[in-house]
Every structure is written in C-alpha cells, then in structure tokens.
Amino acid sequence: MSVGVSPATPLPPASDTNVVTSTFSLVDYVVFVLLLVLSLAIGLYHAYRGWGRHSIGQLLLADRKMGCLPVALSLLATFQSAVAILGVPSEIYRFGTQYWFLGCCYFLGLLIPAHVFIPIFYRLHITSAYEYLELRFNKAVRVCGTVTFIFQMVIYMGVVLYAPSLALNAVTGFDLWLSVLTLGIVCTIYTALGGLKAVIWTDVFQTLVMFLGQLAVIIVGSAKVGGLGHVWEVASQHGLISGIELDPDPFVRHTFWTLAFGGVFMMLSLYGVNQAQVQRYLSSRTEKAAVLSCYAVFPCQQVALGMGCLIGLVMFTYYQEYPMSTQQSQAAPDQFVLYFVMDLLRGLPGLPGLFVACLFSGSLSTISSAFNSLATVTMEDLIRPWFPHFSEVQATMLSRIIAFGYGLLCLGMAYISSQMGPVLQAAISIFGMVGGPLLGLFCLGMFFPCANPPGAIVGLLAGLIMAFWIGIGSIVTSMGSGRAPSPPNGSSFSLSSNLTAVTMATLMPSTAASKPTGLQRLYSLSYLWYSAHNSTTVIVVGLAVSLLSGGMRGRTVDPRTIYPVLPKLLSLLPLSCQKRLPCRARSQDLSLEAGMFPEKMSNGMLRGSRDQVAMAVTEEGPAQPGISPTFILQETSL
C-alpha cells in the first residue's frame, strides 16, 4: 500500500469541470466498458456458481479456501486506489524522488503483520477483526472498535468514488455522474451477490489492468522523450533525484526516517488490523498461506511504488520538451497525471481507455473491499451477537442486503462529497485520523496483558481526540494562513497504498512561509507520524487507566489473545545469558509444545482461565521458583 493521502489542494468544484481537452474514441470506450463487463461477469459467475448453497462463511470468508497468490494481489488492490495512481506521480513531479524511500517501510510494515497479527487472528478462527476485542476485553470494546471502523469507511468510500470521477471529468469530459453511478452500481452488484470470493478474483483482474495501464504510460512516455536513461539524466540535472535526507525532525514532511519508520505504523494500521485486509488473511486455506500472501505483497508494493515514481519522472521530462498549456499549468495537482496521459496517448486508440480503466480498477477494488468489510463487521459484530438464532439462509440473505445498503449509502456519500467544497478535504483526512487509534487499541490488547476494558475504551477515546485535534487543527490553521494543509495520516488514503497516504500528502507544498511555533508547531507534524503518534497515545493512556483501575485483577485473560513479547525478546539473548534465567527451561518447553501440538494448545490449556493455565503448567511439573502466574500467562500466550 503506498500510504495515506490527503489532498492539500482543494479539489476543483464541479462547476469548473466543463473544460474538455480530450475526447475518447470508440476503441477507448470499448476498452473501458470491457473492464466493467468483465468485473461484473466475475462477480455474477461466483454468485451463480453457489447460488442457494452459500453459507455465511462462504459469502464473507470465501469458505476459507483461497490460495496465497490471489489473496496477495487482492491485498495490494484493496488500498491501491485511484487516489494513489494519480497522487504518487504528482508527488514525484513536484517534489522529487524523496517519496520513493517509502518503500523502505514496506519490509517491517508487512513482516510484523505476518508474524504477529496474522497468527493471532487466524488461530482464533474469527470472521471480524473486532471479535478479537471481545475475546481480549469485552463486548463494549468490540462495539466501540466496530463503530469507529464503520465511521471511518463510510466517510472514505464516498470520497474515493467521487474524487477520481471529478478529476476525470475535468480533464476528459467524461460525464461525472455517469461514471459515479456506473462504478457504484457495478461494484455493489458483484460484491453483494458474489461475496468475498468474487471481490478477491475481481481484485486480481483489476490489479493486472492497473499494472498494464501504468506500464503503457511508462513505455510510450519514455520512448517519446528518448528512453529511461534520458529521463533519469534530465531529472538529475534539475535536482529531482533526491538523496537520503537524514534530518530526524518529525515536523519535516518527508525525510528518510519519516518515510522508512513513520510509514511502518501507517502500514501496520492498513495491513495489520484493518478489517478489509484481515478478512483476506482469514480467507486463506491455511495460516501458512496467509503469511505467504503477506510476504508476496512486498515485491508487488515495490513494483507499484516504482511504477508510480517512474511515471512522475517521465512526466517531468516530457514537459521539459513539450511545455504545459496555460490550462494544464493551472490545474489541481490531482489532475496533472490525467492531462499528461491524454497528451501523451493522443492518437493511440485504446491506450487512453486503458489508463481510464486502470483508474477505475483502482476505485472498484477499493470500494468493493469497503462494501464487503462493512457488511462483514455489521453482520458479525452488530447483528449476530444480538440475534444468534438466525439460520444460515437468513444470515446470508441479510448480509447481501447489508452490502446492497452500503452500496446505496456510498452513492449518497458521493453526492454529499460533491456539495462539501473545501470541507471535502477534512472528510478525506478523517480516514487517516482513525487508523492510528485503532492500531493502538489492538496493540494494547496484544502486547500488554495488564490492559483492561476501561483502559481500552478510554485509550481509544483519547487517541481519537488527539487525532482529530491535531488533524483538524492543522487544516484550520492552514486555511487561516492561506497555505495548504499538512496531510493527515496516510493510513488512510493510501490510501495507498495505496488506500494511500500518498495522494493527499502529495498535494501539499513542501515549505511554509514561516516556521510555526507553539500549537501551530504541533499541527505541522508530518502526516506519516500521525499513526505512530495516535497509536502511542492509545497505549499510554490505556495502560495508565488500566493500572489505576486494578489491571486485570479479578478478570480472566484468554492467553490466545496475547503475543508473548517478553519470551520473544529473551530468546534473542545469547545462550549463556538465557541459561541464567529461571524462566528459560519452562519457556522453551511451552514454546516447543505450542509448535508441536497447536491443537492441544488452542483447544485445551489455552482456552482456560488464569487458574487453568497455572494448573496445566503444574500438571507437567512444578512451577519454576520466582515465576509469577502472570509471567507464566505471558509465556504461554501462543
């Protein structure tokens, strides 16, 4: 996923979108219609194939039989939205290749989910990520997490449907509301009828279309300007090739540390705990397949980021030789790429249509994932716990109705977005603000056995308040000073990745007129640190409240919901040091047992309360001196 985007430059109002610089040929329309028809056909195929026999598990989790490759491509497509496809090249064109270092965060940003979040979620055999919160805390925390996620995604999906359609209308004259309605209706039909399996396979097809569209632009563009070697040479001469900026200041928008490490938290909020991604992990046929799918995303992400950056460099070189028109130079940054593509591919029938299909593929994949994940959490977290006696047929039909309902809501949100004007930027920013606190809530539960339900709820509220305070404060301050706002957390519109932080951040100027002080200094925090800052707030406040309210005293903790941080860290010590630790032998025995007998660990000892865990330990031998029951619980977590 690239990462969160936040349009710093307001999107042009619909009334300004009448200027047309290019028109589609018949071949372009055929290519575009083929994308929609094939996407719809894939969804209807999977709906018809199992019609009347679908269970709720098949509809929401593809019967847990998906392979790692389609899941990996679907993971990539989920947050590789049209916002990212337009935003990354614009970022490179305006500010240089510093943003390319974001690829450094992909390693940890995918390695941690593969070895921490996926094993816990998969072994719990859950459907919704927020079921974890009930197992670890209680139902109230689960509902709080679910409502927060729904709020985040409902705001987001309308914008991700409307914004690219508006940019496309401004540049090509493609009818605004025809494109919005077409996308919304096609996506709603195949998502509601075909379920997650249809969404994943259409994502695979749409990912290939996205790559083909971007590759066509790179090949044709580089050929017209003299090859990629000439592109790199021109970019170097004009200072567009950035070196490694090692400034540790978190208030500098893009530095190596901000991109490589701040971006890790953004990636974790997207690939670690976001329901859209967790649902894909859980659809894998085995835990190993889920982990491999996470690994497979890494090279795909690097390719996607590299292609976006190359398009930006090719665009820069192209306009050194063929200067922009006045209309193009005054366009909003999110329209740069579209103007470039229409200029570049004019006279090549089919290729403009392929790139528009590429954009709409990004929107379709993101919106369908939003519909499916929203239907899942609504059904599993808000309806079934209160109406547990629904039959499979009733639950399946209701899930389809909910997905249709979210499709209609998405169209309504797109209309509202068209009426929001400058407030549209704030709506987009909200997506990024919410990702960090949700990440903090899950980390609080997994890594801190002493955290209790009151601490989790208060911590989440504190994180959301902090996120909105800094995020909205940044927007208001920027509007008041007349400069573009600093984009909030990329965990969102990247939405890039992809869902991608990329895009929005992309649209913001790199320097301010004067260095801010006081609260304004806080408001200038780089958007890539938002996720880290807000998730840390949740953890610190949550731990403080938990300790003040007695921790987990008198409550039971399901060891399957805890990640054994301390034993994992101790295992990194030299063997000579480990031998001196009184807990060493018992920790190794339990780790060995967990690896050799996972069924026993999940169905027997690990399902018990604190007392049952202690009893299970003493059945195999006396407890080691100096080890408290709490420590034993941490050691036996997984």
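Reply: Start with a term: buried means under 20% relative accessible area, exposed means over 50%, and partly exposed lies in between. This is a predicted model. By that cut-off Asp558 is buried, because its relative accessible area is 13%. Its salt-bridge partner is Arg560, with the closest N and O atoms 2.6 Å apart. Arg560 is buried as well, at 14%.

Me: How much of the chain is buried, and how many residues does it have?

Reply: The chain has 638 residues, and 61% of them are buried. Its secondary structure consists of 27 helices and zero strands.

Me: How do I read a pair of packed helices?

Reply: Two packed helices are described by the angle between their axes and the distance between the axes. Here, helix α4 (residues 82-95) packs on helix α15 (residues 351-383) at about 120 degrees, with the axes 6 Å apart. The two are therefore oblique to each other. On the α4 side the contact is made by Ala82, Ile85 and Leu86; on the α15 side, by Phe355, Cys358, Leu359, Gly362 and Ser363.

Me: And salt bridges? How many does the structure hold?

Reply: Side chains of opposite charge can pair when their charged atoms come close. This structure holds eight salt bridges. One of them joins Arg142 and Asp381, whose closest N and O atoms are 2.7 Å apart. Arg142 lies in helix α7 (residues 139-172) and Asp381 in helix α15, so the pair ties together parts that are 239 residues apart in sequence. Both Arg142 and Asp381 are buried.

Me: Arg346 forms a salt bridge with Asp343. Is Arg346 buried or partly exposed?

Reply: Arg346 is partly exposed, because its relative accessible area is 49%. Asp343 has 18% and so counts as buried. The closest N and O atoms of this pair are 3.2 Å apart.

Me: What does Cys294 touch beyond residues up to four places away in sequence?

Reply: Cys294 touches Leu75, Leu110, Pro113, Ala114, Ile118 and Tyr281. Cys294 is in helix α12 (residues 287-321) and is buried, with a relative accessible area of 0%. Cys294 and Leu73 are 221 residues apart in sequence, yet their C-alpha atoms are 9.8 Å apart.

Me: Which residues form a nonpolar patch on the surface?

Reply: The patch is formed by Phe107, Leu108, Ile244, Leu246, Trp257 and Phe261, with about 570 Å² of accessible area together. Helices α5 (105-124) and α10 (256-271) each give two or more residues to the patch. Leu246 sits in the loop between α9 (228-237) and α10; at 48% relative accessibility, Leu246 counts as partly exposed.

How values were computed: Residues are numbered from 1 along each chain as its sequence is written. This is a predicted model: local features need pLDDT of at least 70, side-chain atom pairs count only at pLDDT 80 or more; totals for chains, interfaces and linings use all residues. Side-chain values use heavy atoms; hydrogens and water are left out. Patches are made of residues with over 30% relative accessible area and no salt bridge: like charges are joined within 9 Å, nonpolar side chains (Val, Leu, Ile, Met, Phe, Trp, Tyr) within 5 Å. Accessible areas come from the Shrake-Rupley method with a 1.4 Å probe; for residues, only the protein chains shown count as cover. A salt bridge is a side-chain nitrogen of Lys or Arg within 4 Å of a carboxyl oxygen of Asp or Glu. Helices (H or I, at least four residues) and strands (E, at least two) are DSSP runs, numbered from the N terminus. Buried means under 20% relative accessible area, exposed over 50%, partly exposed in between (1.4 Å probe, protein chains only). Axes are lines fitted to C-alpha atoms, for helices over the stretch in contact, and angles run from 0 to 180 degrees between N-to-C directions. Angles under 35 degrees count as roughly parallel, over 145 as roughly antiparallel, 65 to 115 as roughly perpendicular and the rest as oblique. Contact means heavy atoms within 4.5 Å.
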